[in-house]
Amino acid sequence: SSASSLLDSPSSSPPNLHYVGKKEEIVKAGRVTKLLNGCRDVLILYHDRQLYAMDKRCYHSGGELQHGDIEEFNGRLCIVCPWHKYKITLAEGEGLYQAVDDPTKKPLKTHWRSKGVKQRIHKVTEVNGDVFVSLNKSCAAIESDFYQTEKYRTVPLKS
Ligand code: FES
């Protein structure tokens, strides 16, 4: 094969970039869910002039995060899972928990701490009003991966 045909294929193959809709539609809806690449259920959400994308099902037990409220904890924006109220930071996918400073002191003083990244976050890009998500393919396991198997995933519509 010639050098030119070798050069052709990698540059013309699409990168890991999935079109998820027009920005104005996502802004209006606030939340959109998409099955990307036939294998990943992703929630795209718009909050406070910012777009975010993450695995749709909560790392704890598979709750559907598109129905969660957005609240701030320690100045960090979180989606609150509608099932058992776990808090997940929008930007990093960290699970937050409420720690008690000193259990012997009353009244108890609590504050929010991170359990580390639990929910897989994906990258959102906007180009001329079109929104794209690139799936986070990092090999390190993240707990929300568990709910991205065939058992839990959205079944693609057959035509
Ligand atoms: Fe989300 Fe339990 S499934 S908090």
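Trainee: Okay, which loop is Lys85 found in?
Mentor: Lys85 is in the loop between strand S6 (76-80) and strand S7 (87-89). Keep in mind that this is a predicted model.

Trainee: And what's its phi?
Mentor: Lys85 has a positive phi of about 65°, though it isn't a glycine. Asn37 also has a positive phi, near 60°, and is likewise a residue other than glycine. You'll find Asn37 in the loop between S2 and S3.

Trainee: Where's the cis peptide bond near Pro107?
Mentor: It runs from Lys106 to Pro107, with omega near -5°. Pro107 sits in the loop between strand S8 (94-100) and strand S9 (110-117).

Trainee: Switching to the sheet: what's the strand order?
Mentor: Six strands make an open sheet, S1-S11-S10-S4-S3-S2, with antiparallel pairing. Strand S1 (18-22) and strand S2 (31-36) are the edges, each pairing on one side only. From one strand to the next, the twist averages 30°.

Trainee: How many bridges hold S2 and S3 together?
Mentor: Six bridges, in the antiparallel sense, with S3 covering residues 40-47. If you want a landmark, Thr33 stands opposite Leu43 in S3.

Trainee: What about the largest nonpolar core, how many residues?
Mentor: It has 13 residues, and those with the most contacts inside it include Leu45, Met54, Ile79 and Leu90. S3 and strand S4 (50-55) each supply at least two residues of this core. There's also a second, separate core of eleven residues, Ile26, Leu36, Leu51 and Leu135 among them.

Trainee: Back to Leu90, what does it touch?
Mentor: Setting aside neighbours within four places in sequence, Leu90 contacts Leu45, Tyr52, Met54, Ile70, Leu77, Cys78, Ile79 and Ile121.

Trainee: Now charges. How many salt bridges are there?
Mentor: Eleven. One of them pairs Glu126 with Lys23, the closest N and O atoms being 3.4 Å apart. Glu126 is in strand S10 (residues 121-127) and Lys23 in helix H2 (residues 23-29), 103 residues apart.

Trainee: Which residue does Asp145 meet in a salt bridge?
Mentor: Arg120, at 2.8 Å from N to O. Asp145 lies in the segment after strand S11 (130-134) and Arg120 in the loop between S9 and S10, so the pair ties together parts 25 residues apart in sequence.

Trainee: Is Arg120 buried or exposed?
Mentor: Arg120 counts as buried, at 4% relative accessibility. Salt bridges with shared partners also join Arg40, Asp55, Arg120 and Asp145 into one network.

Notes
Residues numbered from 1 in each chain as written. Predicted model: local features only at pLDDT ≥ 70, side-chain atom pairs only at ≥ 80, totals over all residues. Heavy atoms only, no water. Pairing = 2+ DSSP bridges. Helix = DSSP H or I, 4+ residues; strand = E, 2+ residues; numbered from the N terminus. Axes fitted to C-alpha atoms, helices over the stretch in contact; angles between N-to-C directions. Core = buried A, V, L, I, M, F, W, Y, C linked by side-chain atoms within 4.5 Å. Buried < 20%, exposed > 50% of the residue type's maximum accessible area, 1.4 Å probe, protein only. Contact = heavy atoms within 4.5 Å. Salt bridge = Lys/Arg side-chain N within 4 Å of Asp/Glu carboxyl O.
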